[in-house]
Structures are given as C-alpha cells and as structure tokens.
Amino acid sequence: MAITAGGVGAAVASGGGEDAKEQVSGPGADRAREAALAAHPGTANAVERDGENGATWEVEVTGNYGKTVDVRLDENYKVVVIEGDGEDN
C-alpha cells in the first residue's frame, strides 16, 4: 500500500484520532469554558467540539489541586460527564 499526499488529506478529514480534534473559540466556546469551570474549578486548557458520551463540547480543565480532567457538556452547556484518571472527588 502506497501513501501519497492525498492520504494526508484523508487522514485529516477523517477526524478519527484524538490529535485530529481542534480547539475552538467564540461565544459558544466561551460558554462551554464557563460551564466547565463552574463544575470543576481550575484552569481551562482547551475547548473542543466533541461527540463522545452524547456531548457537544469537551473542556480540558486542570483543577485547583493539579488534576486534569475532561469536562464534557451537552448542547445546553450541561455537564454530561467529567472524566479523568485518578480523580479524588
């Protein structure tokens, strides 16, 4: 199987991997960031569009105690799930 320049475009367009997610900005991303920080106080590192677990938004937050979690929100900016490794709360 040969890889060509066209293969690169196909890989980017597929959006299959975690690296394919792109940070977003604008009023919707700002609302997602505010909702995520209300649920898990700390610092928002990234805001992305998401489709996992019925979510619309994913906000990566490093909490005030140093743990990093993904806060997934629905289209109404309600928390669907907070995921992270080794959460203490």
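**View 1. The largest nonpolar core draws together 12 residues.** Its members are Ala29, Ala32, Ala35, Ala36, Val47, Trp57, Val59, Val61, Val69, Val71, Leu73 and Tyr77. A nonpolar core here is a set of buried Ala, Val, Leu, Ile, Met, Phe, Trp, Tyr and Cys residues joined through side-chain atoms within 4.5 Å. Buried means under 20% relative accessible area, exposed over 50%, and partly exposed in between, with a 1.4 Å probe and protein chains only. Two or more core residues come from each of α2 (27-39), β2 (57-63) and β3 (68-73), and α2 gives the largest share, 4 residues. Helices (H or I, at least four residues) and strands (E, at least two) are DSSP runs, numbered from the N terminus. Please keep in mind that this is a predicted model, where local features need pLDDT of at least 70 and side-chain atom pairs count only at pLDDT 80 or more, while totals for chains, interfaces and linings use all residues. Residues are numbered from 1 along each chain as its sequence is written, and side-chain values use heavy atoms, with hydrogens and water left out.

View 2. From the N terminus, the elements follow the order α-α-β-β-β-β, which makes 2 helices and 4 strands. Of the 89 residues, 27% count as buried. The chain exposes about 5,800 Å², with 49% of that supplied by carbon and sulfur atoms; these areas come from the Shrake-Rupley method with a 1.4 Å probe, and for residues only the protein chains shown count as cover.

**View 3. β2 pairs with both β1 and β3.** Two strands pair if DSSP finds at least two bridges between them. β1 (42-49) and β2 run antiparallel, joined by 7 bridges, and here Arg49 has Trp57 of β2 as its bridge partner. Between β2 and β3 the pairing is again antiparallel, over 6 bridges, and Val61 faces Val69 of β3. The hairpin of β2 and β3 has 4 residues between the strands, and in it Gly66 takes a positive phi near 90°. β2 is mostly covered, with 5 of its 7 residues buried.

**View 4. Ala55 sits in the loop between β1 and β2.** Ala55 counts as buried because its relative accessibility is 7%. Contact means heavy atoms within 4.5 Å; leaving aside neighbours within four places in sequence, Ala55 touches Asp50, Arg72, Leu73 and Val80 in this sense. Tyr77 is 22 residues from Ala55 along the chain, and their C-alpha atoms are separated by 9.1 Å.
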